[in-house]
Every structure is written in structure tokens, then in C-alpha cells.
Amino acid sequence: MGIVKIYTDGAARGNPDGPGGYGVVLQYVDRQGTLHEKEMSCGYERTTNNRMELMAAIAGLEALNRPCQVELYSDSKYLTDAFNQHWIDGWVAKGWNRGKSGPVKNIDLWKRLLAAKKPHEVSFIWVKGHAGHPENERCDQLATGAADGPNRLIDEGLAL
């Protein structure tokens, strides 16, 4: 199996205390060269965009039932920089406290993401907006749909 690609997006609908949702498109090619996809969308109430991005990344990684080489695409600079610039390592070393600015937000989700990432080799790739990444546009549509209906859940396609 080749690289598994996970495209994520979160939507807070412009209101940090309003409804939000996440969308995930997971792609992989099997040994016969066939492309498979899994789409997931879920809505949550009263949350933030960063929290939705974390949920999207967690959902994508937790959908994998065996260790994989993963490329995780996100339009969240916060999420990708946390790993690529080793913020996460510093947060863990400091006991999840950033020092003067106080504790790291969403510690529970960061810990869950670290656990979901553990068995895989994951590259976090920042996508500026959605230009050139139609799969990430689909994630945006899924996330927006989830935000429109907080109880909406879509889970289609093949599991790995």
C-alpha cells in the first residue's frame, strides 16, 4: 500500500461559541492500484475552528486500523506548525504549559492526536487555503454541512 492521504477541515461558522463541524477525506491506493476513499463529517456545538481541525485529524488517523505512511493535509497553520516546528514537543516538555501565555488549549485533543499518530509515520502538510487541493475543498464542504446540522454524521466508503 502506498501513502495514505488525509485531507482535513474544520468549520466554526465565524462564531467561536457557535456550531462547528469537521470534514475528513481519506484516500489510499490498494495493492491492485485502485484508489479508495473514506469520507467523514460530524457536527459539534459551541466550539472553535482549531478544535475542529484537531478533531478532523484525529478522526482521519483513528480510521486507520494498521500502521501506515500518512500525509495529513490541513489548512490550519496552527495544527501543522505544532508538529513541523516542534511546538508539540515543547508543550509536552513544559508539562503542557506555554509559560507566560498560560496552558495550551485543547490539551485533551492534542494528547488524543499524539496517541492516534503514534503507530504511523505522519507528515503534516499545510495547504494555503484550498488552492490546488480539490479533496480539501470537499472537506470544507463536509465541514460546512456538519456545522449546518450539529447532529449530522456522514461516514461513507471503505475502511482501511
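Modeller: Buried means under 20% relative accessible area, exposed over 50%, and partly exposed in between, with a 1.4 Å probe and protein chains only. This is a predicted model: local features need pLDDT of at least 70, side-chain atom pairs count only at pLDDT 80 or more, and totals for chains, interfaces and linings use all residues. Residues are numbered from 1 along each chain as its sequence is written, and side-chain values use heavy atoms, leaving out hydrogens and water.

Biologist: Why does Asp 9 count as buried?

Modeller: Its relative accessibility is 2%. Buried means under 20%, so Asp 9 qualifies. Asp 9 sits in strand E1 (residues 4–11). Strands are DSSP runs of E, at least two residues; helices are runs of H or I, at least four; both are numbered from the N terminus.

Biologist: What makes Glu 53 buried?

Modeller: A relative accessible area of 1%. Glu 53 belongs to helix H1. Contact means heavy atoms within 4.5 Å.

Biologist: Which residues does UniProt list under "binding site"?

Modeller: The unreviewed entry places that feature at Asp 9, Glu 53 and Asp 75. They are spread over 67 residues of sequence, yet cluster in space, with a largest C-alpha distance of 8.6 Å. Such annotations may be inferred rather than shown by experiment.

Biologist: Which helices do the buried residues of H4 pack against?

Modeller: Helix H1 (49–62), helix H2 (77–84) and helix H3 (87–93).
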